[in-house]
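Trainee: Pick one part of this model and walk me through its surroundings in detail, please. Give the cut-offs as you go.

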Amino acid sequence: MRITIFLLYVLIGTFEAFSQDIVYIGPDSIPPYNISGKIFNASTEQPLPGANIYLEKQNVAITSDSEGNFVLSLNKGTYELQVSLFGYDSDTTTIRVFGEGRIDFPLIERIKQTPQPFTTVGNAPTTVGVQARTSKFPYKIKGKVIDGLSGEFLPGANIYIEKQEIGTSTDLEGDFKLSLYKGLYTIRVSSLGYQTEIKRYNIIGPAKINFLLNEEVTELDEVVVQSGARTDAVNRQVGKEVLSIASIKALPPLAGEADVLKALTLLPGVSSPGEASGGFNVRGGGYDQNLILVDGAPLYNPSHMFGFFSAFNPNIIRDVTLYKGAIPANYGGRGSSVVDIAYKRGNLANWSGDATLGMVSSKFSAGGPIIRDKMSVMLGGRASYTNWLLRKAGDADVRNSRASFYDGNVLLNYAINPKNDVSYSLYYSSDSFRFAGDTTNQWRNLAQVFKWNSELSEKLTLQVSAIQSDYSSTITSDIPFAGFDLKSGILDNQLGVEMTYKPIDNHTIKVGGQTKWLTVNLGSLKPFEDAFIEPEKITKEKATESGLFLQHDFDLFSNLTVSYGVRWSNYRRLGEAVLNSYDQSLARDVENVSGQTVYEDGEVIQTYSGVEPRASLNLKLGAGTSIKAGYNRMYQYIHLISNTTSISPVDAWKLSDPYLKPEIVDQYSLGVFKNLLGSQLEASIEGYYKDWENVVEYKDGADLFLNSHLETELLTGIGKSYGVETFFKKKNGRFNGWVSYTYSRSLRKIDGALDVEKINDGRWYASNFDKPHNFTLVTRYRLGPYMTLSTIFTFNSGRPVTLPNGKFSYQGENIGYFNDRNGGRIPDYHRLDLSLQYESPARKKIFAGTWTFSVYNLYGRQNAFSVYFKDTIGAPPQAFKLSVIGVPFPSLSYELKF
């Protein structure tokens, strides 16, 4: 155990140092200079870990490591140092640095005294803390920033100490930590969309302080936190983006629906497969390569109405985190990205909520205490009523169609005691779409999550989770004498354990593991009694997927943050199954079967495993600039089998087997991030390169529908994607927003041993997700105290498409001839959206609400969702485009908060 602790501190890095009277340290070398040393007991010479070293004028504080050692990086000059540790006399020293050197500090032990509790007194300033004997070392100040109405924790809030010009920001749970010496402080707390809170405190010892922030209604300008406070551009992890639900709701909606996933497509490196379509593509990957987690549960079809809306009620969501590079080791199973959607929590003190009435759906959320200060609940629901819009369509088939969806959420949190709590969340969604009175598509999601959180010590926490995700799809046909039900789906059950250890400030170590049991239904066809078709059922596929991980985030130096981790994943494909063997000298085809192998239920068919290293660095060059680099390897053992460019209920998931190996993705990224104009403007440029192994493609003319021998239709090869992402964001003020431009390519190469196993003769070709140019402009302008104008303009290159090179006649029919796959492109895409929000100035909260008027596709651009071809006698096949929303689409919604 001691060896393990020692190795951890070697990995943690180095810490900083001090001296007596005026001490000269040299000789000359290249600045900044490393000043090292040790702090120890003057009598016993035992090392003193956790001793505090403080540079007075620079207001910098560090602590000694487990062996009493420290390292400071200082430029040439004179420094006032204070060295202190509870129970020892402090040592104040002046040092003059002109080169590298070493200095040790023996501290004299004094008689111990028990700290006495101190009660809060006065109004300005408020005295806080447990009375401490000396003020020679900083005290730990901890706390939370909380929404004053809902009781929700506020991540990313800024805490700023005014005169000292130092600060920090809250983590995802709204927590913050500061190290402050005894004295008077003015603390300013701010968060986007909330009124700034300014309070004065008399710090007399370690303390816990919570801040309640109220929503901002009348202020025109956001608070700008000046130098010293942490800001997203410089401090955030490479490849990580966080969107608050407030920023998502500020965007112009489609039909009054704020969309969680479509907001992600406005970020650099993320694109949409088409107009109002489900799914999204991240850095050249397919939409099945995105791990979408809602409270930790994966969703396999996160869309309503074939992708017009995402399957998440925004009123129940706190924030959305996207990892597109240097993905932490506690995530696994997908090749491109992770989207982690966090729920709101019910208030333990008061009930609150909101309700929204829109043109196509209405929704609500409400949360509050069941047992005050002990147990809370959060409820949410959403239901659509779109049929009135369909009835007004000009096309008769559309008028005779029907569409509906709904979803609901229940979240329970129970505090067993101050160190243990449990939570349960339930999510359910359902869709139904009936086209022209003959075929009905239905799909549903069910996700359940149980979590137990335990604080084992001040530095060590434990989380145990049990997760279930169940997705199913049904297609029903009512055609006379050909009616049927076609069902498919996937069941994902998981268990997970995660421990978080924080040995010292700015160091976090996570270890844990997960195991999931997967059952995939590729399809079962059940005819109606009067149907003249045969039933068909594909044997369900089963597998287990497990992972063990270690993730360590720490500050190696004051200007260098390191995050590294490793994940080991193991996959086992299980029976029951019958697998064909094929003649190796011939194409893989049902006509070339050489034998069969029968596997019993639970028998291991195939095993895959691999090591997935992850790492990122953040080097700060001054207060407003940083250089970041990252690397990650990901294994993906499950694949979406689809011949469409967006999510569809006819899609099926397939597990890796002896013929279909797991996809392996290696990604490298490097970027420069800068804060400008006093941190009011963020700017960044980031490049990436990705290598893909075992990417899945389909043979020309592949039959994917109810095929029990899919391996005969699938091909695998290699891929690569690369790009440069630029991003500029103005965070504060009356006018704010962002602009981004991404240049990217996504290419594939399928070069098998036989001609039938090649695509485009084995040459590189554009993948379905290759869009070289992607530009986004998002603006938000507050016209007055209660009115805000928002716009979105997007432009991107047209998606690749396979065009016919000609046609030929066969048995009296004209048949198109296709040469190069994805050799052409549909027309470029561009669109302008606009919204106007009016916040009611009613004094009573129950009457205060927000009206949102929006226009989707303001200038009526007829963007092509797809291109299709019709044969014309005596001429080449003619191309036509399908536009989903080719006219301006206005909408109106009203949101009430209570």
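Mentor: Let's start with D492, which is buried at a relative accessible area of 0%; buried here means under 20%, with exposed over 50% and partly exposed in between, using a 1.4 Å probe and protein chains only. Keep in mind that this is a predicted model, where local features need pLDDT of at least 70 and side-chain atom pairs count only at pLDDT 80 or more, while totals for chains, interfaces and linings use all residues. Numbering runs from 1 along each chain as its sequence is written, and side-chain values use heavy atoms, with hydrogens and water left out.

D492 sits in strand β35, residues 484-501; strands (E, at least two residues) and helices (H or I, at least four) are DSSP runs numbered from the N terminus. Its side chain makes a 2.6 Å polar contact with that of Y300. A polar contact is a pair of N or O atoms within 3.5 Å; within protein, one must be able to donate a hydrogen and the other to accept it, and residues adjacent in sequence count only if both atoms are side-chain atoms. Setting aside neighbours within four places in sequence, D492 also touches P298, I467, Q468, S469, K516, W517 and L518, along with Y300, where contact means heavy atoms within 4.5 Å.

E612 has a relative accessible area of 1%, and its side chain is joined to that of R614 by a polar contact of 2.7 Å. Beyond four places in sequence, E612 is in contact with G565, V566, R567, S569, R633, M634 and Y635.

For a nonpolar setting, turn to the largest nonpolar core, which has 36 residues. Such a core is a set of buried Ala, Val, Leu, Ile, Met, Phe, Trp, Tyr and Cys residues joined through side-chain atoms within 4.5 Å. Its members touching the most others are L264, F280, F312, I317, V320, V339 and I341. Elements that each supply at least two residues include α4 (260-264), β26 (317-323) and β27 (337-343), and α4 gives the largest share, 4 residues. Outside its sequence neighbours within four places, L264 contacts L243, V270, F280, V320, L322 and V339. Apart from this core lies another, of 25 residues, with Y637, L640, L655 and L706 among them.
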